[in-house]
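Hi,

Here is the structure I promised to pass on. Have a look at it first, and my notes on what turned up follow below.

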Amino acid sequence: MLRKKLLLISLGTVLLLALFHIFALELSWYYIFRWSDVPVHILGGFWVTITTFWIFLKYRIADTSLDSRTSILIMLISVLIIGVLWEIFELASGNTSLSVRNYWQDTFTDVASGFVGGVVANIYFSRIKNY
């Protein structure tokens with residue numbers, strides 16, 4: 001039951017993320033509201049963490065007896081890996097450049113926002129895993 005719930009939450013989150021991103025691109029929110037990528041990265045960190053927990057449960061890499069230290073470590077590693085890969089993708093696709101003013105500050109904010117979403121997902125997972 002928990003795996004199904006995590007999968008549905010993961011799918012709902014990625015759908016919400018995609019819709020927000022599409023609207024942000026179409027309506028130029030990323031340029032009008034400089035902060036508008038923060039909720040996207042928070043949702044992304046939430047999605048990455050929930051999806052990682054689902055994968056771990058689905059393929060029996062871990063079970064619901066995960067202690068909080070292990071689940072935090074899983075969240076940190078998964079969000080860091082995907083966050084860094086996303087930033088590399090943004091560079092490679094030309095969506096940003098190392099020469100852009102405040103590039104490193106923006107990148108740090110993006111990854112930190114992902115961690116915020118990961119923490120929220122981790123708290124949520126710890127609350128529902130035993131129900």
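Predicted model: local features only at pLDDT ≥ 70, side-chain atom pairs only at ≥ 80, totals over all residues.

Before the notes, one working term: a contact means heavy atoms within 4.5 Å. Residues are numbered from 1 along each chain as its sequence is written, and side-chain values use heavy atoms, with hydrogens and water left out.

**Helices**

I call a residue buried under 20% relative accessible area, exposed over 50%, and partly exposed in between (1.4 Å probe, protein chains only). The expected span of a helix is 1.5 Å times one less than its number of residues.

Let me start with α1. L2, L6, S10, T13, L17 and A24 are the buried residues of α1, and their cover includes α2, α3 and α5.

For α3, 22 residues reach 31 Å from the first C-alpha to the last, close to the expected 32 Å.

**Nonpolar core**

A nonpolar core is a set of buried Ala, Val, Leu, Ile, Met, Phe, Trp, Tyr and Cys residues joined through side-chain atoms within 4.5 Å. The largest one has 13 residues, and those with the most contacts inside it are L2, L6, I50, F53, L57, L66 and F125. At least two residues of this core come from each of α1, α3 and α5, with α3 giving the most, 5 residues. Leaving aside residues up to four places away in sequence, L6 touches I50, F53, W54, L57, F125 and I128.

**Largest pocket**

On a 1 Å grid over the protein atoms alone, a pocket is an open set of points where a 1.4 Å probe fits, with protein on both sides within 12 Å along at least five of seven lines; lining residues have an atom within 4 Å of a point. Grid points are joined across faces, edges and corners, and a volume is the space filled by probe spheres set on the points.

The largest pocket holds about 1,200 Å³. It is lined by 36 residues, of which D37, H41, W86, E90 and D110 are the closest to its centre. Two or more lining residues come from each of α1 (2-26), α2 (29-32), α3 (37-58), α4 (68-92) and α5 (103-128). The lining divides into 17 nonpolar, 12 polar and 7 charged residues. In that count Ala, Val, Leu, Ile, Met, Phe, Trp, Tyr, Cys and Pro are nonpolar, Asp, Glu, Lys and Arg are charged, and the others, Gly among them, are polar.

**Loops**

S28 sits in the loop between α1 and α2, has a positive phi near 55° without being a glycine, and is partly exposed at 32% relative accessible area. In the loop between α4 and α5, N102 has a positive phi of about 65° although it is not a glycine; N102 is partly exposed, at 42%.

Best wishes

Technical notes: Helix = DSSP H or I, 4+ residues; strand = E, 2+ residues; numbered from the N terminus.
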